[in-house]
Amino acid sequence: MIVDMHNHTPLCNHAEGSIQEYVLCAIDAKTQFFGFSDHAPMDFDPQYRMKFDEMKQYEKDVLQAQKKYADEIQILLGYEVDYLPGHMDKRVLTADVDYLIGSIHFLEGWGFDNPEFIGKWDEQNIDEIWQKYFNTIEAMAKTKLFDIVGHLDLIKVFKFMPKSDIVKMATPALIAIKESGMVLELNVAGYRKKVQEPYPSKALLQKAYELNIPITFSSDAHKPEQVAMYNDAIIELAKDIGYTECSYFIKRQRYSISF
C-alpha cells in the first residue's frame, strides 16, 4: 500500500509487536505514508484500548519513529476513536495529531464485532441491527469530528447478512460522509475475518465512487506481519471501481497521491 493509515500497537491490549517492527514491515512493502491509529482511551471498554495516561507515551513513541525513519518513510500519528455518545473525550478529540479515524464498534453498549459477545447476535433482527448500524455511521459523520471513516461495513464481520438491500440502507450514511468531507478507508482486515472481503464491500465502494467520496488504504494491522497484507487485492478493487488517488492527512489537512 502506498498509503496505510490504520495500524495498532500493543497499548490497545490486543495487538502485538513493536512500533519499529511495524515500520520496518511498511518500509519493506514500499509504503510511503504509514499511520499509527491505535484505539483511543475512553471510559468504556477499557480492556481493549490504551489508558488516558498512556497517550503521551504513545504519541512520543510514534513521533520518535517518525524522526528516526524520516529518510525512508513518512510516519503519521492518529487515533482510532469509538463513536459512542457520552463516552468520547475532549483530550482525544482535540489531540495534536495528523488525523482521527471514527469507528463504530458498539451499538447500545454491545460490542457486536467482539467474538466474546457473538451469542447476542442470536437475539437480533439482522435487518434492524444493520440499519441501526448505518444510522449510527450517519450520525457519526454529521458530527464532523473525524477525518476517516473506519471499516464502513464492519457489521458484516461474522457474516450475519441482512435480506434488505445493503446499499439502500447505507446510502444516507454515505451521503453524510460526503457532506462531512470525510475519507472512506479501504480496510483489508475483513479478508482476515469470516466474511473474507474488505470493508467496504465492492457494492458499497461503487456507491461511494458515484458520490465522489475520497478513499484511503488501511491494513488495520494488529501484528507486524499483517502490514500490507492483501495489498494487491485492495489496489485492484479500487482501480476496478475507478479510483486512481488515495488520501492521507498531515495535521488534519488532507492530501492526495496517485496509486
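I started with the sheet: it is open and has 7 strands in the order S1-S2-S3-S4-S7-S8-S9, with parallel pairing. For the labels, helices (H or I, at least four residues) and strands (E, at least two) are DSSP runs, numbered from the N terminus. Two strands pair if DSSP finds at least two bridges between them.

Strand S1 (3-4) and strand S9 (215-218) each have a single partner strand and stand at the edges, so one side of each has no neighbour in the sheet.

A note on what I'm looking at: this is a predicted model, where local features need pLDDT of at least 70 and side-chain atom pairs count only at pLDDT 80 or more, while totals for chains, interfaces and linings use all residues. Residues are numbered from 1 along each chain as its sequence is written, and side-chain values use heavy atoms, with hydrogens and water left out.

S1 runs parallel to strand S2 (residues 33-39), and 2 bridges join them. I found Val3 opposite Phe33 in S2.

Then I looked up His6, which sits in the loop between S1 and helix H1 (19-28). His6 has 0% relative accessibility, so it counts as buried. I listed its contacts (heavy atoms within 4.5 Å). Leaving aside neighbours within four places in sequence, the partners of His6 include Gly35, Ser37, Glu80, His151, Glu185, Asn187, Ser218 and Asp220. Asn187 is 181 residues away from His6 along the chain, yet their C-alpha atoms are separated by 8.1 Å.

Last, the whole chain. I count 7 helices and 11 strands. The radius of gyration is 17 Å, close to the 18 Å from the globule rule for 259 residues, so the chain is as compact as a globular protein of that length. That radius is taken over C-alpha atoms, and the rule is 2.2 Å times the number of residues to the power 0.38. The C-alpha atoms fill a box of roughly 50 × 40 × 30 Å along the principal axes. Of the 259 residues, 54% count as buried. Among contacts with a separation of 6 or more, 74% come from residues 24 or more positions apart.

Terms used:
Buried < 20%, exposed > 50% of the residue type's maximum accessible area, 1.4 Å probe, protein only.
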